[in-house]
Structure formats: C-alpha cells, structure tokens
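Trainee: I have not looked at this structure before. Can we go through it step by step?

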Amino acid sequence: MKRLVLFVLLASLALAGCSAGKDAVVQGSSFNFVSPGGKIDITYEAPDRQTAPVLAGEDLMNEGKQLSLADFPGKVVVLNLWGQWCGPCRTEAPEMETVAKQGVQVVGIDVRDPAREVAQDFVRDRKLTYPSIYDPDGRVLLKLSGYPRNIIPSTIVLDKQHRVAAVFLRPVLAQDLLPVAQRLTAEA
C-alpha cells in the first residue's frame with residue numbers, strides 16, 4: 001500500500017512538471033508576460049509586442065558551441081521549451097520538425113535534462129534537425145523575466161524583429177504554428 005501511495009505521489013509530481021498553471025502574470029524589463037484570464041494561447045498585435053531577450057547557451061548537439069537567437073537575425077523564430085522526460089514533448093517534437101521543414105526557424109531549449117546524452121539520443125531517435133540550446137539548470141530561461149518555467153512544453157513565436165508575437169502554454173501542432181509563422185513572415 002505504501003508503494004502505491006508513493007507511486008501516485010511521484011506520478012502526480014511528474015505530471016505537474018508538464019502542466020500549465022493559471023497564474024501566468026509576470027513582470028520583466030523588456031518582455032512582460034501576462035496571460036489574460038488564464039489564456040493558454042496568447043497573441044500580440046505588432047504595436048503591443050515586446051522584444052524578447054537574446055537567449056543563448058551551449059548547443060545541445062555540439063558541446064562547446066554556442067547557440068543564440070541572435071544567430072537568426074531578421075527571421076521569424078519558433079522557440080520551443082522541451083525536455084525528453086516530458087510526455088507531451090515527445091508528441092510535440094515531430095510537429096516542430098514539420099514546422100522546421102516548412103522553412104520556419106525552430107530553436108528548442110532543452111530544460112531539466114541533467115543527462116545530456118539522453119537528450120541527444122532523443123533528438124537523434126526522432127531525426128530532429130532544428131537546433132536546441134542545452135539548459136539543464138534553467139539559467140538561459142532566467143532571461144525570460146518571470147516566464148512560467150514550469151510549463152513544459154510551451155512555445156514562443158518571435159517576429160522578424162524578435163519581438164514576442166505569440167505564446168502557447170500547451171503542446172502545439174504544426175497546424176497551430178504554421179499560420180502564425182506565415183503571417184509574421186509576410187509582415188513588412
């Protein structure tokens with residue numbers, strides 16, 4: 001009986017790590033994240049967009065090499081927060097690859113994966129071609145001033161000026177992201 005109770009508690013904690021909370025109101029110096037009314041899909045019109053911080057860290061697949069959002073100037077970027085330990089992320093990864101194959105720049109941030117090799121195996125097994133920043137301790141995410149780091153997976157879409165245009169606090173499909181990316185690509 002004690003084992004069953006322990007298992008249920010551990011399973012609850014694991015699932016909580018992949019879930020979205022409703023208290024997503026945050027303050028920051030540039031991008032101020034606010035989830036009005038607990039929305040999980042948020043879009044920002046051009047006049048309301050705030051510049052995302054320049055996120056940079058070690059490339060997951062290339063130890064010693066730095067990867068930065070600044071490497072993609074003038075491009076719409078789909079920034080995906082994921083971890084190989086997260087069930088919804090496993091379903092979402094091929095969707096991100098579909099978006100990348102459509103010519104949209106996808107950049108992952110691999111969070112809370114202390115064993116780099118396991119995360120690398122995840123990428124290789126799924127034949128993912130888009131790059132990811134390796135962020136096991138969440139230091140890169142700290143630059144997202146108050147962004148709810150416990151919501152994994154989540155996705156932030158940046159316009160060509162790297163201003164936050166959309167936030168998805170849930171697993172997404174390619175059909176969710178492609179229209180947003182295409183609209184942003186068409187903007188002047």
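Predicted model: local features only at pLDDT ≥ 70, side-chain atom pairs only at ≥ 80, totals over all residues.

**Loops, strands and helices**

Mentor: His162 lies in the loop between E7 and E8.

Trainee: What phi does His162 have, about how many degrees?
Mentor: Most residues other than glycine have a negative phi. His162 is not a glycine, yet its phi is positive, at about 60 degrees.

Trainee: How many residues lie between the strands in the hairpin of E7 and E8?
Mentor: E7 and E8 run antiparallel and are joined by 4 bridges. In their hairpin, where His162 takes its positive phi, the number of residues between the strands is 5.

Trainee: Is His162 buried or exposed?
Mentor: The cut-off for buried is under 20% relative accessible area. His162 has a relative accessibility of 13%, so His162 counts as buried.

Trainee: Which loop holds Lys127, and is Lys127 buried or exposed?
Mentor: Lys127 has a positive phi of about 55 degrees and is not a glycine. Its loop is the one between H3 and E6. A residue counts as exposed over 50%. With a relative accessible area of 65%, Lys127 is exposed.

Trainee: How many of the residues of E7 are buried?
Mentor: Ser154, Ile156 and Leu158 point one way from E7, Thr155 and Val157 point the other way, and all are buried. E7 is largely enclosed by the rest of the structure because its buried residues number 5 of the 5.

Trainee: What is the bridge partner of Thr155 in E8?
Mentor: E4 and E7 run antiparallel, with 5 bridges joining them, and Thr155 in E7 is the bridge partner of Asn80. E7 is also joined to E8, by 4 bridges. In E8, the partner of Thr155 is Phe168.

Trainee: Which peptide bond is cis, with omega near 0 degrees?
Mentor: Most peptide bonds are trans. Pro153 sits in the loop between E6 and E7. The bond that is cis, with omega near 0 degrees, runs from Ile152 to Pro153.

Trainee: How far apart in space are Gly87 and Pro153, C-alpha to C-alpha?
Mentor: Gly87 is in helix H2 and is partly exposed, with a relative accessible area of 39%. Pro153 belongs to the loop between E6 and E7. In sequence Gly87 and Pro153 are 66 residues apart; in space, C-alpha to C-alpha, they are separated by 9.2 Å.

Trainee: In E6, what is the bridge partner of Ile109?
Mentor: Strand E5 (residues 105–111) pairs with E6 in the parallel sense, over 4 bridges. On E6 (residues 132–135) both faces are covered, with Ser132 and Tyr134 buried on one side and Ile133 and Asp135 buried on the other. The partner of Ile109 in E6 is Ile133.

Trainee: Which helix makes a β-α-β unit with E5 and E6?
Mentor: E5 and E6 are parallel. They make a right-handed β-α-β unit with helix H3 (residues 116–125).

Trainee: Why does the span of helix H4 agree with what its residues should give?
Mentor: Helix H4 (residues 174–186) has 13 residues, and at 1.5 Å a residue they should span 18 Å. The end C-alpha atoms agree with this because their separation is 18 Å.

Trainee: Which strands are among the elements that cover the buried residues of H4?
Mentor: An α-helix has 3.6 residues a turn, so residues three or four places apart point the same way. In H4 the buried residues are Ala174, Leu177, Leu178, Val180, Ala181 and Leu184. Their cover includes helix H2 (87–101) and the strands E4 (77–82), E7 (154–158) and E8 (164–168).

Trainee: How many disulfides does the structure hold?
Mentor: A disulfide is a covalent bond between the sulfur atoms of two cysteines. Cys86 is buried, with a relative accessible area of 0%, and Cys89 is buried as well, at 3%. The number of disulfides is 0.

Trainee: What share of the residues of the chain count as buried?
Mentor: The chain has 4 helices and 8 strands. Among its contacts between residues at least 6 apart in sequence, 70% join residues at least 24 apart. Of its 188 residues, the share that count as buried is 47%.

Definitions and conventions
Residues numbered from 1 in each chain as written. Heavy atoms only, no water. Helix = DSSP H or I, 4+ residues; strand = E, 2+ residues; numbered from the N terminus. Expected span 1.5 Å × (residues − 1). Buried < 20%, exposed > 50% of the residue type's maximum accessible area, 1.4 Å probe, protein only. Contact = heavy atoms within 4.5 Å. Disulfide = S-S within 2.5 Å. Pairing = 2+ DSSP bridges. Right-handed = clockwise from strand over helix to strand, strands pointing away.
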